[in-house]
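Please examine the structure shown below.

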Amino acid sequence: MGGRGPKRELAEKIAGEITLSDDPGATLRKWRTDFGVSQTDLASELEVSSSVISDYESGRRESPGIGVVGRLVEGLLAIDERRGGDRIRQYGRVLSAGFESDVVYDLREYATSKPLVQLYDEIGATEVAAGNTDRVSGHTVIDSIGAITRLSSEEFFRLYGQSTNRVLVFTGVTRGEAVAVALRVVNPTPNAVVLHGIEEDDLWEHAADLARIDGYSLAVTTEPLEELLDHLVTLE
């Protein structure tokens, strides 16, 4: 993989995480499932038996060396490329925006603006507070704790990508209080915010009121993260 494009940077990131991990097998499994690749498909790509991949991931086989890790990573990227390269492009956008992929999972701009109700339908979201606008031109999917604890105010604003006319999806939410308070100090606010992993009944009691004050739509969803990311791809 020549050059320093997104594919190369992503390959180095994955290989580095696996190699340096205290549990290389678990880290390999995380990346394989993130790419939506089965053990069977990865084994077929590498021309080995499925038990080899299973043994590496479970720790039954000695931790893979740099050469094996390189082959595993190449296999994941090759499969993704044949499927259209969605994951490579996804991480490329995140990396080019200056974020780590464990803080920002995806950042996209749409060719044309989309009805907010369409996006909510795609990810099984329930609106709990209506906003001032009903269309969005992009989305950013963010780890809520990572964003709040690791991003500066300038970096937080970069979550908007090209425009605040977008939906910010915050994952790993328990009540939504921290997100709602953080958005109070950001000006301007996005068109919409989705709190992922929480039911409406568990939402912080003041979250909807703050959303109405600041004029953004607020919704909640418990859609599994990988399915949520896959559904958002269809909006491009």
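At what angle do the axes of helix α3 and helix α5 cross? The axes of α3 (residues 39–46) and α5 (residues 66–82) cross at roughly 105 degrees and come within 9 Å. Helix α3 is therefore roughly perpendicular to α5, a term for angles of 65 to 115 degrees. Axes are lines fitted to C-alpha atoms, for helices over the stretch in contact, and angles run from 0 to 180 degrees between N-to-C directions. Helices are DSSP runs (H or I, at least four residues), numbered from the N terminus.

This is a predicted model, in which local features need pLDDT of at least 70 and side-chain atom pairs count only at pLDDT 80 or more, while totals for chains, interfaces and linings use all residues. Residues are numbered from 1 along each chain as its sequence is written, and side-chain values use heavy atoms, with hydrogens and water left out.

In α3, Asp41, Leu42, Glu45 and Leu46 meet residues of α5, including Arg71, Leu72 and Arg82. Contact means heavy atoms within 4.5 Å.

Leaving aside neighbours within four places in sequence, Lys13 is in contact with Trp31, Glu100 and Ser101. With residues up to four places away not counted, Ile148 touches Ala178 and Val179. The C-alpha atoms of Ile148 and Ala178 are 7.8 Å apart, although the two residues are 30 residues apart in sequence.

Definitions and conventions. Helices (H or I, at least four residues) and strands (E, at least two) are DSSP runs, numbered from the N terminus. Angles under 35 degrees count as roughly parallel, over 145 as roughly antiparallel, 65 to 115 as roughly perpendicular and the rest as oblique.
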